[in-house]
Amino acid sequence: MNDNAKIRVLVAKPGLDGHDRGAKVIARALRDAGFEVVYTGLHQTPEMIVEAAVQEDVHVIGMSILSGAHNALVPEVIDGIRKAGLEDALVVVGGIIPEEDFDLLKKAGVSMVFTPGASLTDVVDYIRKNAPTRV
Amino acid sequence: MADTEKDTLERIRKAQAEWSARREAGEKKFPNRAASFTTWSDMEVPLLSTPADLADAGFDFERDLGMPGEFPFTRGVQRTMYRGKLWTMRQFAGFGSAVDTNRRFKQLLEMGQMGLSTAFDMPTLMGYDADSPRAKGEVGKCGVSVSSIEDMETLFSGIPLGEVTTSMTINGPAIVILAMYFAVAEKQGVPREKVRGTLQNDILKEYIAQKEWLFPVRPAVGLVTDTIEYGTRHYPGWNTVSISGYHIREAGATAVQELAFTLADGLAYVEDCLKRGMKIDDFAPRLSFFFDVHNDFFEEIAKFRAARRIWARLMKDRYGAKDPRSWMLRTHAQTAGVSLTAQQPYNNIARVAVQALAGILGGTNSLHTNSMDETLALPTDEAVTIALRTQQIIAEESGVANLADPLGGSYYVEWLTNKVESEALEYIRKIDEMGGMVAAVERGFPQAEIANSAYHFQRQLETKEKAMVGVNKFQMVEPKRVIPTLYIDRSVEQKQVQRLAELRRSRPQQAWEEGIRLVKDAAQNGQNLCGPIQQAVAAHATLQEVCDTLRGVFGIYREAGSF
């Protein structure tokens, strides 16, 4: 079990998708649960997200996508953060993600996909249990 | 001699008090199911409403209700309401390439749909061409990809633009898309007076909720005013702006916030037009609206009724509009996408039916019913058919379209209409004090209000204070794949990119350069951009080329990443 206060989470909105209701609600819930939360704001390219993740040295990256662009953008972000040295960062994705894409995303390095109806408690618990511990 | 009204009200109050005492005795035997009963937006609901409650709320039949088709239009904008003309059944569609969407359009028209409604993909909404690096992975995903006049031509090929009405949901680059649409109509030989439809073109709600923006707020509002000004002169059958609460609501606003922020957006456009010297009665009749129809049946009905009343009074009293058409709030409605659940998706058919009925009882002029699978992906043909048939069943079988404002006079509905109205007016007053919606948006006021409401609602779901069937109540283990979904292939993007490369190679360079130069000059000199943009798109300038030219002059918008 991790101590929430030490876990830094980047909530990111990749691509051109403007649906930020979920991202903001999750960001708030994580903050209320005691995590340190950074929100990128909208319309981020994979490079911008990687840069923010490295700069903040985050333990967790949560990407929210409702536009269907996940297969193109998520692997690019993961590739970027691994290359940049954040090998252990936990990557989760939330949004409108068809089930047939889960495998592709998991192979790319996504540890969990949260779809509509997932509860805030589930998300918070999952991150608390699975975020990497760094010394 | 008959009782005076005052005596009658006194007797009703007395009876109500006595009934309350007897009811409390009953409550001991059957305690309430919940600690409080509230609307979906958290307004306290009375168990019972009476004429006395209405009197206390200051309700006055002649002033507040009146007759359908007459001021203040609480009961609808048409005297005959749905007897004369049913609401327009207009299903939003758009995916993949222009060819794909053209096929869906034709299919919808064959099924008895009355008007078209176009969804554009994210790159188009953000003013990027399909071959932009920023478009990667997004082409054709959430709507149709339109980068050039050629795409627009394909999109409406074989559809006579003088006979259908078309709605186009686009905002940031709306002025460019409008130019392309009228160019295609011209190519079809349709005179511009005969072209009818609606451009969403409501940029303020983009900053507030939908978040597909291009330029900073003030020049962006200027573009909206450009189209209203130009449309008033040249496009008499076109609604140049559809002031939209839908996205505001979907982003988490309450019913009252949706209503107030939408009307305040409308007021901001009116103010900007008046500042340019336009006369209220010249442009107000063509302003149109778009609201969400959410779960709470009566709250939604009250919202539509209050919307018409507030707008009519503002137009008449604040701006001195004389033409009754300026007072009328004509609106499209869409059932609440956010209320659909991925869990037990067939349940969504029932949700949509209830919401559609509320929209119709609220007197909407046009309606989109969501498809049951839209929370999973873009809708399949079968799901779209069920959604359209839902409207047709209400229209043909339920009997509700036989009379005007069937719920008018319901003590509860009138009480709630007054309540929604007064709370919305309070918000509008606050926004006026801030200097109007443009200033309010720049300081993040509506954005923060909506984020708070969204979080509050999510918390209510977590504690089960609000129920969603299949999500936090009556869940069940479901088979992995319940319904088929529509999948957009990567080849759509590849083909679009090729088409654009071909276009850039083959178009006459000189005319293109001249078109872009005209746009740049007009933007720098603060002139109306409709004409120059028409010339540019006719010379095959792409969407992004025009938008980049404007970005060069106006700059871009960035939102602080607060939550």
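This is a predicted model: local features need pLDDT of at least 70, side-chain atom pairs count only at pLDDT 80 or more; totals for chains, interfaces and linings use all residues.

Student: Fine. How many helices and strands are there in chain A?
Tutor: Chain A has five helices and five strands.

Student: And in what order do the elements of chain A run from the N terminus on?
Tutor: They go β-α-β-α-β-α-β-α-β-α. As for overall size, the radius of gyration of chain A is 13 Å, close to the 14 Å that the globule rule gives for 135 residues, so chain A is as compact as a globular protein of that length.

Student: What does the C-alpha trace of chain A span along its principal axes?
Tutor: About 35 × 35 × 25 Å. Of the 135 residues in chain A, 50% count as buried.

Student: What about contacts in chain A between residues at least 6 apart in sequence: what share join residues at least 24 apart?
Tutor: That share is 74%.

Student: Switching topic. Which residues of helix 2 and helix 3 of chain A make their contact?
Tutor: Geometry first: helix 2 (residues 46–56) and helix 3 of chain A pack at an angle of about 40 degrees, and their axes are 9 Å apart. The crossing of these two helices of chain A is right-handed. From helix 2 of chain A, the contact uses A:Pro46, A:Glu47, A:Ile49, A:Val50 and A:Ala53, while helix 3 of chain A brings A:Leu73, A:Glu76, A:Val77, A:Gly80 and A:Ile81. By class, the residues of this contact between helix 2 and helix 3 of chain A are seven nonpolar, one polar and two charged.

Student: OK, now chain B. How many residues of chain A are in contact with chain B?
Tutor: 29 residues of chain A, and they meet 34 residues of chain B. Helix 1 (21–32), helix 3 (70–83) and helix 5 (120–130) of chain A each give two or more residues to that side. The largest share, five residues, comes from helix 1 of chain A. Sorted by class, the side of chain A that touches chain B has twelve nonpolar, eleven polar and six charged residues.

Student: Let's zoom in on A:Asn71. Where is A:Asn71 placed?
Tutor: In helix 3 of chain A. A:Asn71 counts as partly exposed because it has 16 C-beta neighbours inside 10 Å.

Student: And what is A:Asn71 in contact with, leaving aside its neighbours within four places in sequence?
Tutor: A:Asp101, A:Leu104 and B:Gly137. A:Asp101 is 30 residues from A:Asn71 along the chain, and their C-alpha atoms are separated by 7.4 Å.

Terms used:
Residues are numbered from 1 along each chain as its sequence is written. Chains are lettered from A and ligands numbered from 1 in the order in which they are written. Helices (H or I, at least four residues) and strands (E, at least two) are DSSP runs, numbered from the N terminus. The radius of gyration is taken over C-alpha atoms; the globule rule is 2.2 Å times the number of residues to the power 0.38. A residue is buried if 20 or more other C-beta atoms lie within 10 Å of its own, exposed if 12 or fewer, and partly exposed in between; C-beta atoms are placed from the backbone. Two residues are in contact if their C-beta atoms, placed from the backbone, lie within 7 Å. Ala, Val, Leu, Ile, Met, Phe, Trp, Tyr, Cys and Pro count as nonpolar, Asp, Glu, Lys and Arg as charged, and the others, Gly among them, as polar. Axes are lines fitted to C-alpha atoms, for helices over the stretch in contact, and angles run from 0 to 180 degrees between N-to-C directions. A crossing is left-handed if the near helix is turned anticlockwise from the far one by less than a right angle, and right-handed if clockwise.
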